[in-house]
Amino acid sequence: MIRSNRLDAITLGVIQSGLQQICNEMDLAFVRSAFSPVITEGQDRSDGIYHRETGELIAQGDFGLPIFVGTMQETTQSVIAAARDPEPGDIYVVNDPYLGGTHLMDVKFVKPFFYNGRLFHWLANTGHWPDIGGAVAGGYSAQATEIEQEGLRLPPVRLFKKGVLDEEILSIVLSNIRVAEERRGDIKAHVAALAVGERRLTSLLDRYGVDLVEEAIVELKSRASQQMRSKLALIPDGVYESETFVDSDGIDPDPLAVRLSIEKSNGELTFDLSGSSPPCRGPMNSVISTTRSAIYLAMKHIFPDVPMNAGIFEPLRIKEPHGTFLYAVYPRPVSGCSAEVSQRITEAVFDALVAAIPDRLFAASAGTCGNMGIGGLNPETGKRYVMYYFTGGGYGGSTEIDGMSNGCSVTGISKMMPIEILEQQFPVIFEEFSLAENSAGAGRRRGGFGVRYAIRLKSDALVSFVMDHGRYGPPGANGGQPAAVNRVEIERSGQIYVPPHLSKDQNVSLRGGDVVRVQTPGGGGFGNPLEREPSLVERDVGRGYLSEQQAVAQYGVAFTPMGAIDVERTRSLRNAIDQHNQE
Amino acid sequence: MTSIQWKSEILMKIVGCDVGGTFTDLIFVQSGASAPTLVKVPTTPDNQAFGVMRALTEAGSDARGLDLFIHGTTVTTNALLERKIARCGLITTKGFRDILELGRRTRPSAYGMIAKFEPLISRECRIEVEERIDAAGNTLRPLNENELKAAVQRLLQLNVESVAIHFLHSYRNPAHERRAAEIVRGMWPNPYVSVGHEIMSEFREYERGVAVSINASVQPPLDRYVNALQKALGSNKIVDDLLVMQGNGGTLSSSTVGKSAVSTVMSGPASGVIAAAYTAKAAGFPNVVTYDMGGTSTDVAVIEAGLPLISTDLEIEYAMPIHVPMVDVHTIGAGGGSIAWIDEAGLLRVGPRSAGAIPGPICFGRGGEAPTITDANLVLGRLNPEQLTGVEHPVPVSSVIERIGETIGGPLGLSAHEAATAILRVANDKMAGALRLTLLSRGYDPRDFALFPFGGAGPLHASVLARELGIPKMIVPARPGMTNALGCVVADLRQDSVTTVNAHLAKTDSASLQAIAQQQSAEGQAILARESAEIVRFSDIHTLYLQYEGQTHRLPIKIAPRDFEIAKIRHAFELAYSQRFGIAVPEGNPVVVTLHTAVIGHRKKIDLKSLSHSRQSPSSSSLSSSRRVWFDQGWCDTPIYRRDHLGIGATLQGPAIVEQLDCTIVIEPGQDVRVDDFGNLIVELNETTQEEAARVQ
């Protein structure tokens with residue numbers, strides 16, 4: 001076989017998969033040794049290789065959380081700017097959202113990688129820590145008004161110097177976060193993954209030589225850009241617009257608008273968010289790195305097979321939306337950006353592009369992580385606990401198929417915790433975990449369904465949650481209907497409490513016996529519901545997904561008293577609805 | 001059932017028969033006969049029994065009055081993957097009937113929001129009854145028996161054939177499930193009642209729910225198949241009863257196997273691994289990685305100290321976890337039929353699309369037009385165009401060359417032969433990477449193992465992979481294409497049970513662990529003792545699964561019989577942890593999650609030497625011809641050996657090709673080959689290539 005020292009297409013491909021393999025092995029090493037279940041079960045981490053001078057993404061692991069697609073290169077850029085004379089064995093830790101971050105819980109480790117005594121490129125990883133201090137256990141504040149209330153903020157700090165852990169810096173970190181002793185394990189996992197990256201990258205360079213690999217990195221970037229451009233060629237030139245809404249910021253009642261205009265010309269897309277709402281007082285601001293990352297990951301959802309490499313970002317021009325809540329500056333609180341606001345941005349991208357390439361797209365998904373934290377004293381162990389919980393919701397319908405039920409957030413790829421484990425570890429009892437009937441948006445291909453659950457507390461606790469789509473359901477596309485909204489209802493001493501901000505609240509004080517009930521949104525419908533095959537509506541009614549009355553109202557499908565489709569009435573109903581819609 | 005006497009002194013007749021996707025393989029071993037009879041016939045997918053009976057016919061008139069018939073079948077796997085399953089109902093805890101449909105919040109792939117998932121049991125057939133037990137095993141709400149009976153009536157009205165009972169926390173306190181099972185079995189018209197804790201007594205409601213619904217779904221089709229086959233075998237006076245392979249690598253009799261139908265899913269790959277373990281151990285290789293490469297995919301498994309690794313968290317497809325003990329087989333999406341193509345960036349890719357059996361590779365002449373790994377092997381002289389297994393209308397090699405030149409060579413500016421080498425290089429690189437990740441994710445270093453290739457295409461690629469991964473030795477069994485059938489012949493009987501412990505190691509005592517192990521062992525032995533096959537002796541494998549408090553991944557720690565000393569367990573866990581993850585966690589608090597006991601009922605050993613090829617001494621007659629074959633160095637005039645002419649003790653050196661009916665073996669230049677006493681080819685990387693590999697690591 002060809003084993004030359006020149007860069008032919010085959011060697012290029014082999015080096016590309018070699019770089020990818022290195023990142024995958026880092027992902028694996030990280031998740032297998034991490035302590036935090038958010039990382040081990042939730043897969044809430046990412047690993048990659050970043051450019052020596054520009055910090056640009058060279059390769060990123062396949063198993064990382066999607067929201068980190070674009071953020072770590074900005075983190076690395078901030079480390080490059082701060083680092084003076086990096087040395088082998090140094091590792092920087094940083095979580096500052098304004099310096100290329102997300103929320104404070106995402107802690108990044110960035111390490112200069114040296115080969116034969118020369119800085120080659122940077123290795124970096126991100127892991128979501130279960131707590132980072134601040135007002136709310138778990139970090140998802142609904143009411144913070146400045147970042148200091150959200151937790152400990154770390155600028156790029158050299159935690160390891162020439163391979164030696166700086167215990168003094170570590171002690172500052174551990175003194176400012178909850179359940180601190182377990183974080184030592186996560187720090188070791190961050191470091192172990194970077195060490196795997198170093199070992200594997202060294203052997204790749206041993207095999208192919210620095211020059212050839214450098215040449216390949218340059219070439220791979222330009223080819224990735226070419227690949228993204230060939231995908232973008234599917235989109236006709238023109239301007240595509242959309243508008244999506246965050247319920248509120250947790251402080252002020254008004255909705256926040258994401259207003260997006262995408263212009264396709266010269267083979268590139270230009271994203272303009274400048275018409276969006278101004279910065280908000282509560283924690284629903286987004287830092288620019290997260291805003292950009294949301295756009296990148298939305299495009300990767302549309303074209304999943306483009307590689308993870310800075311080249312794919314090149315034909316995607318993002319105007320900096322200064323003066324909006326999507327470009328937060330210090331000290332704006334941002335704890336909702338990574339989990340919620342980012343999803344509204346992806347929703348805007350999808351919604352705008354449906355008109356351009358309907359066959360590749362889909363209606364909006366539930367679009368909320370459904371994050372909830374319950375904290376208190378566990379009477380069985382006598383210890384404080386923090387139960388972090390999230391669920392999925394419905395996905396949107398698409399040209400061919402209905403949306404999936406209880407899919408995970410657009411930005412994540414996390415498995416929810418089993419109820420049996422939660423009940424073992426925390427003083428709670430689940431009363432229900434069900435499919436939320438009639439939560440899907442109607443359409444020729446309907447959305448998937450959300451989830452309905454109820455948690456009864458065994459003892460007093462504080463409950464906080466940051467969700468979204470409580471005011472407006474996920475929109476449909478191509479004539480499809482929106483899905484049902486997110487609902488939170490708390491049964492407190494027999495009284496029903498509905499949070500004023502619907503999907504967000506913080507430190508709601510509850511007693512043993514109180515019940516928290518949540519219903520997550522379904523997915524939007526795709527296409528005209530009147531075009532849905534009556535047999536599919538009949539099947540859905542049979543499964544109890546919706547009632548016969550709802551089938552009549554949403555789909556114009558009527559049933560005989562025996563439960564069969566009433567063909568005649570269905571036809572006349574559909575005609576009548578159709579006419580009504582046209583008027 | 002009366003036990004069949006082991007007639008070791010007189011004539012013994014054993015048949016192992018494995019039904020694969022393409023071929024049904026059979027091995028007939030007779031004590032006293034010089035060589036076993038090997039049969040390969042096409043699989044009959046609509047009713048696998050036809051192929052089995054045809055294989056028996058071809059095995060000859062001696063293959064009657066068998067002492068044992070051991071069968072590997074894909075009936076349950078296919079039923080599941082093609083959703084040709086029984087109509088099932090679910091009876092479950094009030095408030096939780098949708099657990100099976102909601103799964104555990106993910107999506108099939110990280111990118112792409114168009115996704116599909118269908119539960120095994122449709123929503124209208126999932127019925128809730130009032131009952132609730134908490135995590136400590138306390139009854140919060142008693143079982144409402146009237147509701148239960150109404151639920152059974154409702155399911156019968158819905159024409160449900162098979163029913164699953166699944167209550168929350170039944171692993172902790174199975175009282176409600178037991179009582180419900182008693183009532184349902186009293187009312188149900190057939191034996192198809194599957195109960196959660198009986199199938200899997202571990203926490204995680206989704207995984208246990210899936211396990212019990214898989215069992216309910218495949219029990220009726222398995223039962224029907226086994227009964228029909230048994231009848232056919234009996235009426236043809238072949239054998240009265242049969243043993244069925246399970247995914248844990250053991251066998252159970254037809255009468256028992258239906259109850260744990262879920263454990264026969266994945267039995268195909270497991271039997272191959274069992275044969276590999278048996279063969280490699282006899283040849284002196286206790287630690288091997290198996291590499292079973294077929295047309296569309298490749299199965300990889302790890303054998304450590306002669307035992308296949310067992311996993312309790314395999315996933316058959318998206319959101320279909322099987323958390324019952326199975327041989328830990330990892331499937332890589334690359335096989336001989338994987339298609340080569342050029343992506344938008346102008347880079348050559350191989351897979352994941354496969355040409356499958358139809359239309360298949362270009363060279364199969366079934367209409368395939370896309371170049372595959374098999375086509376590249378053919379063009380490069382690695383495969384003999386005259387010996388393509390099961391190909392009736394081969395396409396001339398020149399046409400294959402032309403096609404590869406057009407589709408791959410042209411766009412890349414390469415000649416057709418260069419394009420073919422590029423396909424192999426990319427494919428081997430991809431497979432080596434996947435193999436590495438598989439081993440690393442299980443905490444192993446490839447260099448500590450020997451490679452054991454089998455399946456039609458395994459031995460074609462293995463020597464390159466061994467070199468890429470720094471694997472020092474490779475063992476190619478006598479019959480690579482018959483490995484699964486051999487697995488049936490050599491498999492022992494086996495019964496697994498898993499008990500949830502869920503306690504801090506520091507607060508556990510060895511006596512209580514010992515007591516659980518003893519009970520598991522006694523129950524397993526009692527089940528196996530009812531089997532018809534003669535058991536020479538029993539042995540137990542105890543494995544404790546531990547994790548640090550707050551973590552979620554468990555590590556298995558093997559425990560020697562009756563040696564549950566807490567300090568030793570702690571030490572072994574700490575050692576295993578630091579070996580696996582490269583870090584120590586002295587501040588961690590170990591928790592014993594589960595205790596897993598496998599009871600093995602050992603059968604009499606089969607002499608593998610009878611499987612080897614004829615015993616001629618090495619001579620030039622084994623060299624059948626030579627042809628031009630492409631290696632890294634370029635075209636080499638390469639000797640072609642016939643496997644059945646290579647006698648015990650024969651040696652040869654690469655480059656070489658060894659051909660036999662069921663596969664082709666490629667020996668890279670510089671590799672040394674020796675035929676061992678069992679007819680295995682032992683291939684060693686020479687020192688320079690090993691050094692090269694070490695450098696690569």
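Reply: This is a predicted model. A:Asn406 is located in the loop between strand 13 (383-389) and helix 9 (419-425) of chain A. Its phi is near 50°, a positive value in a residue other than glycine.

Me: What makes chain A as compact as a globular protein of its length?

Reply: Chain A contains 12 helices and 20 strands. Its radius of gyration is 25 Å, close to the 25 Å that the globule rule gives for 583 residues, so chain A is as compact as a globular protein of that length. Along the principal axes, the C-alpha trace of chain A spans about 80 × 60 × 45 Å.

Me: Which residues of helix 4 and helix 5 of chain B meet, and how do they divide into nonpolar, polar and charged?

Reply: From helix 4 of chain B come B:Glu145, B:Leu148, B:Lys149, B:Val152, B:Gln153 and B:Leu156, which meet B:Arg179, B:Ala180, B:Ile183, B:Val184 and B:Met187 in helix 5 of chain B. The residues of this contact comprise seven nonpolar, one polar and three charged.

Me: What makes strand 14 and strand 18 of chain A edge strands?

Reply: In chain A, an open sheet of five strands has the order 14-15-20-17-18, with antiparallel pairing. Strand 14 (428-435) and strand 18 (495-497) of chain A each pair on one side only, and they are the edge strands. Neighbouring strands of this sheet are turned by 15° against each other on average, direction ignored.

Me: How do you know that strand 17 of chain A pairs with strand 20 of chain A?

Reply: Pairing requires at least two bridges between two strands. Five bridges join strand 17 (residues 487-492) to strand 20 (residues 515-519) of chain A, and the two run antiparallel. A:Val488 stands opposite A:Val518 in strand 20 of chain A.

Me: What is omega for the cis peptide bond that joins B:Gly351 and B:Pro352, and for the one that joins B:Gly654 and B:Pro655?

Reply: For B:Gly351 and B:Pro352, omega is about 0°; B:Pro352 is found in strand 22 (residues 348-354) of chain B. For B:Gly654 and B:Pro655, omega is about 5°. B:Pro655 lies in the loop between strand 31 (651-653) and strand 32 (656-660) of chain B.

Key. Residues are numbered from 1 along each chain as its sequence is written. Chains are lettered from A and ligands numbered from 1 in the order in which they are written. This is a predicted model: local features need pLDDT of at least 70, side-chain atom pairs count only at pLDDT 80 or more; totals for chains, interfaces and linings use all residues. Side-chain values use heavy atoms; hydrogens and water are left out. Contact means heavy atoms within 4.5 Å. Helices (H or I, at least four residues) and strands (E, at least two) are DSSP runs, numbered from the N terminus. Ala, Val, Leu, Ile, Met, Phe, Trp, Tyr, Cys and Pro count as nonpolar, Asp, Glu, Lys and Arg as charged, and the others, Gly among them, as polar. Axes are lines fitted to C-alpha atoms, for helices over the stretch in contact, and angles run from 0 to 180 degrees between N-to-C directions. The radius of gyration is taken over C-alpha atoms; the globule rule is 2.2 Å times the number of residues to the power 0.38.
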